[in-house]
Amino acid sequence: MDKALLEINELECVRGDKQLFSDLSFSLQAGSLLHVHGPNGSGKTTLLRAIAGLVLPENGEICWNGETTGKQKDDFNRELLYLGHHYGLKFELTGYENLKVFANLSGADINEHEVEAALTKFGLAHCVELPVKVLSQGQKRRVALARLLLQRSKLWILDEPFVALDAAAVELLLGVIKAHVADGGMVILTTHQEVAIDAGQLQHLHLGQQPLDRQQAGSMPSASVTEPH
Amino acid sequence: MFNLFKYSSPASFYPLAGRLAVGFGIASVILLVIGLYMSFFVAPTDYKQGEGYRIMFIHVPAAWMSMWIYVVMACFAAAGMIWNTRLSSMMASSLAPTGAMFTFVALWTGALWGKPMWGAWWVWDARLTSELILLFLYVGFMALESAIDDPRRAARASGLLALVGVINVPIIYYSVQWWNTLHQGSSIKVVDGGIEASMSEIMLWTLLVMTFACWFYAVAVSLSRVRSTILERESDAVWVKALLKERKA
Amino acid sequence: MKSRHKRMVFIAVGLAALAGAVGLIMNALNSNINHFFSPTEVQADAAPKDRSFRLGGLVEVGSIKREDDGLTVHFRVTDNAEVVPVIYTGILPDLFREGEGVVAQGNITSDGVFMADEVLAKHDETYMPPEVADALAKAELAKAEAKAAETTGAANIQTPVKIQEGI
Amino acid sequence: MLSTVKCMVMRDLTLAMRHRSDVLTTVFFFIIVVSLFPLGVGPDAALLKEMAAGVVWVAALLASMLSLTRLFADDYNDGTLEQLMMVPQPLSLIVLGKVLAHWIISGLPLVLMSPLLGLQFGLEGDELIMLMVTLLIGTPVLSLLGAIGAALTLGLRGGGVLVSLLVLPLYIPVLIFGAGAVTASAAGMGADGHLSLMGAILLLALVLAPWASAAALRISVE
């Protein structure tokens, strides 16, 4: 279990003319959780989106199973679940319809019972047939999170997953994350909330320690990784 | 061997572009003077069109350049998208205004030529319409580029548009062969590997001199344009700051 | 493996579509989308009767007649096979001459006369000084004379033949 | 692979059915624009008949343009677009599905309405059929090419105006051959040439446009 599944090599990301980070390298193996820290604007979201393949990095590569993700997009996407700031839900569709579309496109065949079970787990038993627009913010977030249980992806990338969740739901999500990591899954997440995360091999990544000029960058790391303890 | 890769970084390309721009600028002015002299005084009167045909010496080079610049621009855009090189995208965007200018000139001189010869400023035949579309494509390219704030996205999005529009260039070129249009065919054709021109030799030379004048002008102008783009985009870079300090001193 | 398989399907579909498109374009070029009708087509009733269309061909040599008002012109358009009479009122382009290409927009009347609203001259892509054109015409004439002399050589007729080049 | 396209078409059609007024807006826009011409140029029957094909085609162009900006914008705003980019399917197939749905919602109704409008302009029998056929071949091209423009201008201010600047020049060939086919057949000449050229354009657009739009989306979503 020591082989690193996800490897990031000398990654550099730029927004506009501003360099967010450069020379960022780390690797992640099965059964580990990476907690990305950093102040606003340090490039946390950009890093997560770059790993998910939504942002094209200026330099460096992202490897999954020893091959760059760009070359095996479909295979990598099958292992990936990214939940960002947006819910990624169609408000006019019901929770079931929303989840069904993504399950179909991922090649997973799910039925109403599985969806109901997943939503029930997140405390939304009665919401299967309701259009998402009538739900509250927290409930919408939970519908989105239900995808974690339905699609059997190995790598979860969660950008601020605890936003809008009540205490009980936070506990619930933590439990789901722990179970996933214990099961050999991988999680990369950011959060501003004080949440006690401790699951599997825990790594921390700190972004945005020194703001750098593009030309001076290179030797000095703008991010640091603490090894698993 | 000339090391291309050395000059693919903006910092080392900037001074080179400056020297090239001056060289091409001078060459284009000299050729333009010779070319214009030849167009007006050396080239003989045409047996059919009289003196009016002389507008050809600006119309044809402009039309050629309008298509050629588009192809070059699309190649730069493609290179910029494939290898993620900033300089190629900057070259593409600095070629666009010159290309649009030549398209505009080709359309206008065409209209001025068409009125006395054909009897109409404008007809909706395939050649004219496709050249007009080319102008729209240039305008669209520039509009899209300026509408996007993030320079990286701007370069890639406009580059993609340039690539989509490239399909129009062969349509312009072959329109006079494919359709029975009012516009005459090409005077210079590649036949069996050789080049055949249906005009007298001195006219052909005049045309070639004018074409090279336009070509060098396009190179000079777009190189000096790319220099200012480099300064603008790389304003944070150390070498730009050093350069500006040097200039102030 | 699976994604490679998928890519093969993509390429196959792409090539098939491309082949189809090329085939259709060839077909289109063969059927020749007309920008104008020739006199032959007009005489064969291929041109529309009730709407305006474009007539293209050469101005027949010796057919131009101006009316007294100086603006109305009668001429005939030919494609060296059939002829259509045309009436036009207005200013003609510089290159409107006998034996030259012309495109006219207008309607055809019931008695077969083409009433033009607009007359455009079509010129070719040849440019040369007048002396060269003269020399070429003379050479052409000489060649034709030689030919004429050859064919009628036995009769030994020396009268010069006036050549009227159609195109 | 076909199931991906089908899934996207069904999703977008379901969404459209819950927003029926959007579909009707496009159709009514089409009808109104076409009806404005006789009011503008006067009720000269011969003139109207000659203009008919061009007017219906230009109106179809504008109507399809009108609905273009929404093609990707809704999905972009609620984050479903980025989720769609991360499903293990080629993005071009997803785009193809969306474009197909867009055509069913905004192109097909125009095709079905066109004979009625053609009658207003005094077209008859064969000409009406030809008008429908050209629109049937041509409107999918409008949706396909339009998708490229919509993808490129995603999330930009003034995107609506910009999209017309980018897309209308690309529409010109379709307009020329579409309206040309109707005019040619009305003049009693064969429209084979026009129709085969339109078919060729449709085939090329079917292959290239989803791919180009997918590339554009990747650039725009970043």
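The model is predicted.

**Exercise 1. A salt bridge within chain D**

Task: Determine whether the partners D:D12 and D:R11 are buried or exposed, and state which network they belong to.

Solution. 
Step 1. The side chains of D:D12 and D:R11 form a salt bridge, with an N to O distance of 2.9 Å. In general, side chains of opposite charge can pair when their charged atoms come close.
Step 2. A residue counts as buried under 20% relative accessible area. D:D12 has a relative accessibility of 10% and is therefore buried. D:R11 has a relative accessible area of 5%, so D:R11 is buried.
Step 3. The pair belongs to a network of salt bridges that links A:K90, D:R11, D:D12, D:D75, D:D78 and D:K98.

**Exercise 2. Salt bridges between chains**

Task: For the salt bridges of D:R18 and D:E222, name the partner and locate both residues of each pair.

Solution. 
Step 1. Over all chains, the count is 20 salt bridges. One of them joins D:R18 to A:E97, whose closest N and O atoms are 2.9 Å apart. This pair crosses between chains: D:R18 lies in the loop between α1 and α2 of chain D, and A:E97 lies in helix α3 (residues 95-105) of chain A.
Step 2. The accessibility of each partner is then compared with the limits, under 20% for buried and over 50% for exposed. With a relative accessible area of 40%, D:R18 is partly exposed. A:E97, at 23% relative accessibility, is also partly exposed.
Step 3. The partner of D:E222 is B:R156, and their side chains meet at 3.0 Å, N to O. D:E222 is in the segment after α9 (192-221) of chain D, while B:R156 is in helix α5 (residues 151-165) of chain B, so this pair joins two chains.
Step 4. D:E222 has a relative accessible area of 27% and is thus partly exposed. B:R156, by contrast, has 15% and is buried.

**Exercise 3. The sides of a helix**

Solution. 
Step 1. The buried residues in α2(D) are D:V23, D:T26, D:V27, D:F30, D:V33 and D:V34.
Step 2. The spacing follows a general rule: an α-helix has 3.6 residues a turn, so residues three or four places apart point the same way.
Step 3. The buried residues of α2(D) pack against α1 (2-17), α3 (45-68) and α6 (91-120) of chain D. On the face turned away from the buried side are the exposed residues D:R20, D:L39 and D:G40.
Step 4. Just after α2(D), D:G42 adopts a positive phi of about 90 degrees.

**Exercise 4. The make-up of chain B**

Task: State how many helices and strands chain B has, and describe the position of B:C75.

Solution. 
Step 1. Chain B has eight helices and two strands. From the N terminus on, they run in the order α-α-α-α-α-α-β-β-α-α.
Step 2. The C-alpha trace of chain B spans about 65 × 35 × 35 Å along its principal axes. Of its 249 residues, 54% are buried.
Step 3. Among the contacts in chain B with a separation of 6 or more, 73% are between residues 24 or more positions apart.
Step 4. B:C75 is in helix α2 (residues 56-83) of chain B. Its relative accessible area is 49%, so B:C75 is partly exposed.
Step 5. B:C75 and B:L107 are 32 residues apart in sequence; their C-alpha atoms are 24 Å apart in space.

**Exercise 5. The interface of chain C and chain B**

Task: State how much area is buried between chain C and chain B, and which element gives the largest share of the side of chain C.

Solution. 
Step 1. The area buried between chain C and chain B is about 2600 Å², and carbon and sulfur atoms give 57% of this area.
Step 2. Across this interface of chain C and chain B there are zero salt bridges. One residue pair between chain C and chain B is in polar contact.
Step 3. On the side of chain C that touches chain B, the elements giving two or more residues are β6 (114-122) and α3 (130-151) of chain C. The largest share, five residues, comes from β6(C).

Methods:
Residues are numbered from 1 along each chain as its sequence is written. Chains are lettered from A and ligands numbered from 1 in the order in which they are written. This is a predicted model: local features need pLDDT of at least 70, side-chain atom pairs count only at pLDDT 80 or more; totals for chains, interfaces and linings use all residues. Side-chain values use heavy atoms; hydrogens and water are left out. Buried means under 20% relative accessible area, exposed over 50%, partly exposed in between (1.4 Å probe, protein chains only). Helices (H or I, at least four residues) and strands (E, at least two) are DSSP runs, numbered from the N terminus. Contact means heavy atoms within 4.5 Å. Buried area is the accessible area (1.4 Å probe) that two parts lose on being put together, summed over both. A salt bridge is a side-chain nitrogen of Lys or Arg within 4 Å of a carboxyl oxygen of Asp or Glu. A polar contact is a pair of N or O atoms within 3.5 Å; within protein, one must be able to donate a hydrogen and the other to accept it, and residues adjacent in sequence count only if both atoms are side-chain atoms.
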